Amino acid sequence: MLLRKGAKMRVCGCEISAQEVRLAVVELNDEGDVEMLRLKTTRIELADDTSETDLRAFLASLQEFANEHQITTFAIKTRAKKGRMAGGAVSFKIETLIQLVEDCDTWFVSPVALSNFAKKEIEAYPEKLLVYLKNAYLAGAYVLIKG
């Protein structure tokens with residue numbers, strides 16, 4: 001991805017759970033450390049995955065969020081496609097809608113990679129990081145540092 005001169009790479013880490021995506025936006029500060037932005041919107045919910053109107057509204061909400069916060073990349077924590085811990089059909093629709101956000105790249109990060117990254121690279125989490133945003137934060141930080 002090409003960034004404008006002086007522009008910062010801003011990554012939105014995503015964890016998909018049930019019918020919502022949890023969002024944590026991170027960027028590198030002047031010292032090269034991962035910094036999480038404090039935003040009012042930390043999740044977007046898909047009301048009805050069988051409704052074309054709701055699917056389009058969800059995509060529009062993601063696009064607006066990306067534009068408003070100058071997101072360059074989405075980083076999605078992947079889920080198993082089959083087995084006991086598999087993601088549901090709705091979560092895969094949400095994943096696809098994230099990939100359709102214009103002018104943004106999408107990366108996928110496995111839970112194993114996130115776990116190893118957290119153990120080896122993360123010295124401390126942001127102050128007041130909400131528990132439900134931990135994996136989204138890790139996904140974003142992973143792409144910033146490893147990507």
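I began in strand β5, where I found that the bridge partner of V11 is T73. I keep in mind throughout that this is a predicted model.

**Entry on β5 and its neighbours**

I then looked up the pairing behind that bridge, and I noted that β1 and strand β5, which covers residues 73-77, pair in the parallel sense over 4 bridges. Another of the partners I looked up is F74 in β5, which is the bridge partner of C12. I also followed β5 towards β6, and I found that 5 bridges join β5 to β6, with the two strands running parallel. One bridge I wrote down for this pair sets A75 against its partner W107 in β6.

Is β5 enclosed or open to the outside? I counted 5 of the 5 residues of β5 as buried, so the strand is largely enclosed by the rest of the structure. I checked the directions of its side chains as well, and I saw that T73, A75 and K77 point one way from β5 while F74 and I76 point the other way, and that all of them are buried.

**Entry on D103**

I looked up a further residue with a positive phi, and for D103, which is likewise other than glycine, the value is near 65 degrees. I found D103 in the loop between α2 (89-99) and β6 (105-109), and I noted a relative accessible area of 69%, which makes D103 exposed because the cut-off for that word is over 50%.

**Entry on the aromatic rings**

How many aromatic pairs does a search of the whole structure find? I noted 2 of them. For F117 and Y142, I found the ring centres 5.4 Å apart and the planes at 75 degrees, so this pair is edge-to-face. I then looked up where the two residues lie, and since F117 is in helix α3 (residues 111-121) and Y142 in helix α4 (residues 134-146), the pair ties together parts that are 25 residues apart in sequence. I also checked the accessibility of F117, which at 2% counts as buried.

**Entry on charges over rings**

Last, I looked for charged side chains placed over rings. I found R43 over the face of Y132, at 4.0 Å from the ring centre. I also found the charged end of R79 over the ring of F92, at 4.5 Å from its centre.

Terms used. Residues numbered from 1 in each chain as written. Predicted model: local features only at pLDDT ≥ 70, side-chain atom pairs only at ≥ 80, totals over all residues. Heavy atoms only, no water. Phe/Tyr/Trp six-rings, centres within 6.5 Å; stacked < 30°, edge-to-face > 60°. Buried < 20%, exposed > 50% of the residue type's maximum accessible area, 1.4 Å probe, protein only. Lys NZ or Arg CZ within 6 Å of the ring centre and 35° of its normal. Pairing = 2+ DSSP bridges.
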